[in-house]
Amino acid sequence: MTPRENGAAEVTTADLHVHPLTAPLNFIKGAPKMLLGLPAIYAMGVRNGRDWGVYGGFALVALVFALVAILFHWVTYRRFRYGVGAGEIVIESGLLTRTRRLIPFDRVQDVDIERGPLQRLFGLATVRIETGGGKSDEGVIDSVSLREADRLRDAVRAGRGSGAATAPFVMSSGNAPLFAMGLGRVLLAGLFNFSLVYLAGLFGILQTFDDFLPFDPYDPARWIGIAKGQIGGRFTAPALLAVLGVAATAGIVFGVLRTVATDYGFCLVTQGARLRRTRGLLTHSDVALPKRRVQLALISTGPVRRLLGWYELHLQTLGGAGTVGGRQPVAPLARADEIAAILAETGALRLPEAGTLQRVSRRHVLRTLLGTAVPALLAIALAAFFRTEALWALLAMPAFVATAFLSRRAHAYASSGDLLFVRRGLWQQKLWVLPVAKIQTVTITRSWLQRKLGLATLTIDTAGAPTLGGPAIVDLKLARAHALAEALGRRSSYSGRKSGTDR
Amino acid sequence: MIVYAAYAERATARAISCRVDRFGYGKRSVPSDVFTPLERGQLHVMRLRAFGVACLLGIAALALAVALRERFPAFPTAAILAPVALLLIYFVILAPQRRFRAWGYRLAGEELQVVHGVWTQVETHVPLARVQHVDVSQGPLERTLAVCRLVLHTAGTANSVVVIPGLARATAEAIRDEVRVRIGQSEE
């Protein structure tokens, strides 16, 4: 790599414009949306008795919109500039908010050249620069000539050095699968996937056919009337139990059917630098997960599964060209040793040793209680105003206290070597296994109550995560939170060769 | 005696941990010896934005009061307008000040720490080696008040964008160049 000079780097000027045809092409692409208004305009005209003045007025308005659109595209074209510097690409854009985006070559994962039909007609192409951040962080240069697009791609690839040599595709020659699920296990997994989705199906059918029903299904008074008429003297405990039993059985059956449809023939194989997962009954899904793109592992389980020794393994991977991203199930139902074997294959991950996890502050109990018991008490007090029988619900309060204590026992973490382990959850327990090198940012959050109690929550952000649900250590003592954040930051910068989002 | 000694030891430990707990975080503001505050212009940006929102809310409240007055002629419009006015005064005059003072950033070793938030304090640590790319951007309001925003893009999801608003252009570009140097260093 060419050595970089410390101190003032020369500023890259963004001096290149995209191809001038971009503005009219984008206008033409947007034009069909304006045509959508024509039927409405026609309907309005018909309603006003085919008054040609109305038509003329609307035509004028449409013309004004078209002119504004052309102006907008033209100004956007003028404002958009890009430039290639010594080690980076600079893109300047924006009408009101001017943004100057700087993408160093080393952060570029891939350069895609896309050509839509209109662009192909005029010899143009869109250059999409993918960085590790995912969709919103790309650099997009809309519509340059094909030659310029190739030049950009070569400049970026040259700037990155020899470029990462992709591992050749290794065909597995009869390897034993890393993990496979027979039909029996798929059915067992289905039993744990209780699903009430069939209720949604019923509502959907109701909605589709509501024009044909003899009554209005959305009128609640009607339903109550039917219920009163039908149930009347038949509202007995056995009848209610029977209905619940039918609903539960239907839920179980649908859960099993759904699981069989998705996970039939589940098979996980190692192929060189990637894991390959095949599954599915009707839609056969074949997915490759590059090992180096694995960001973290999530092992989850429920109360019954934990008793029986079954766990579920998901791997969070970074997407990219040709591979799927997000949280992928890698073992829907497996024993602990099978999970350990799969983790060993990924190279960096492993299960924590027993007894190494340390718990969070005891004040977590207090905060959980305040969060759950106090609203419950308020609800009971409110109900007690109307019916004093509600006070019997106070008998359930010890359960809240016990749950708070047990939740605190279930929440633990450990930072050992190059891995961070976080375990959380009393009923639905989750264990996160996270290489410190894959940590993107660490956030310490303190709510008002946490500030009073001297606590803090440590949240860890990784690449390719779904919107909700990342590893979080809740209610640490503040000093410990800072110490842990500092330790993680130190270790991640030692290992910071590439940004942790390896190719 | 032993019991008393143990109690005293626990009390001192608690006192020490209390001191450590108040680790430089005041009730409302972030002390400037730990974190660098933002430029004063950002306070004006926040006030102007709050004023804009307050105008909209005020108009909505007025409309509601007028409508109620037409429906129920005896309804005292002051019952709606007074609390709304108080709320808007807090929103425009007091709240931006608190929010502004709660912002701070610090370049500490290999990472950039950004802290903000009045009720829920959020402190984000971004290792400079993890930054994908850096934007310096300025909206029209910020341009008139001579502040700009430093936007750090990381590969994360919840924190894929970390923003430090209210920086002078020179400061923002200095931090950006620092980040660029660190990105380069992390490759070698």
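Which residues does A:G255 touch, not counting residues up to four places away in sequence? Select A:G255 and show its contacts (heavy atoms within 4.5 Å). A:G255 touches A:G190, A:N193 and A:S195.

Before moving on, the ground rules. This is a predicted model, in which local features need pLDDT of at least 70, side-chain atom pairs count only at pLDDT 80 or more, and totals for chains, interfaces and linings use all residues. Residues are numbered from 1 along each chain as its sequence is written, chains are lettered from A and ligands numbered from 1 in the order in which they are written, and side-chain values use heavy atoms, with hydrogens and water left out.

**Stop 1: around A:G255**

Stay on A:G255. This glycine lies in helix α9 of chain A. Helices (H or I, at least four residues) and strands (E, at least two) are DSSP runs, numbered from the N terminus. With 0% relative accessibility, A:G255 counts as buried. Buried means under 20% relative accessible area, exposed over 50%, and partly exposed in between, using a 1.4 Å probe and protein chains only. A:G255 and A:L191 are 64 residues apart in sequence, yet 6.6 Å apart in space, C-alpha to C-alpha.

**Stop 2: aromatic pairs**

How many aromatic pairs does a search of the whole structure find? Two, over all chains. Rings of Phe, Tyr and Trp (its six-membered ring) pair if their centres lie within 6.5 Å; planes under 30 degrees apart count as stacked, over 60 as edge-to-face and the rest as tilted.

Select A:W74 and A:Y77. Their ring centres are 5.2 Å apart and their planes stand at 45°, so this pair is tilted. Both sit in helix α3 (residues 52-79) of chain A; being three residues apart, they are separated by about one helical turn. A:W74 is partly exposed, at 43% relative accessibility. A:Y77 is buried, at 10%.

Next, select A:F179 and A:F266. Here the centres are 6.0 Å apart and the planes are at 70°, so the pair is edge-to-face. This pair links distant parts of the chain, 87 residues apart: A:F179 in strand β8 (residues 179-180), A:F266 in the loop between α9 (237-263) and β9 (267-271) of chain A. Buried or exposed? A:F179 is buried at 3% relative accessibility, and A:F266 is buried at 1%.

**Stop 3: charges over rings**

A charge sits over a ring if NZ of Lys or CZ of Arg is within 6 Å of the ring centre and within 35 degrees of the ring normal. Select A:R335 and A:W310: the charged end of A:R335 sits over the ring of A:W310, 3.9 Å from its centre. Then jump to chain B. The charged end of B:R106 sits over the ring of B:F35, 5.4 Å from its centre.

**Stop 4: the sheet across both chains**

Switch to cartoon. An open sheet of seven strands runs β1(A)-β2(A)-β3(A)-β4(A)-β4(B)-β5(B)-β6(B), with antiparallel pairing. Two strands pair if DSSP finds at least two bridges between them. The edge strands are β1 of chain A and β6 of chain B, each pairing on one side only.

- β1(A) (residues 16-17) pairs with β2(A) (residues 81-84) over two bridges; A:L16 stands opposite A:Y82.
- β2(A) pairs with β3(A) (residues 88-93) over four bridges, and a hairpin joins them through three residues.
- β3(A) pairs with β4(A) (residues 98-104) over six bridges; the bridge partner of A:S93 is A:T99.

**Stop 5: an enclosed strand**

Select β18 (residues 429-435) of chain A. Six of its seven residues are buried, so the strand is largely enclosed by the rest of the structure. β12(A) (residues 294-301) pairs with β18(A) in the antiparallel sense over five bridges. β17(A) (residues 419-424) also runs antiparallel to β18(A), joined by six bridges. β17(A) and β18(A) form a hairpin with four residues between them, and A:G425 in the turn has a positive phi of about 115°.

**Last stop: helix α2 of chain B**

Select α2(B), residues 40-71. Its buried residues, among them B:G41, B:A54 and B:A65, pack against α3 (78-102), α4 (140-144) and β6 (161-167) of chain B.
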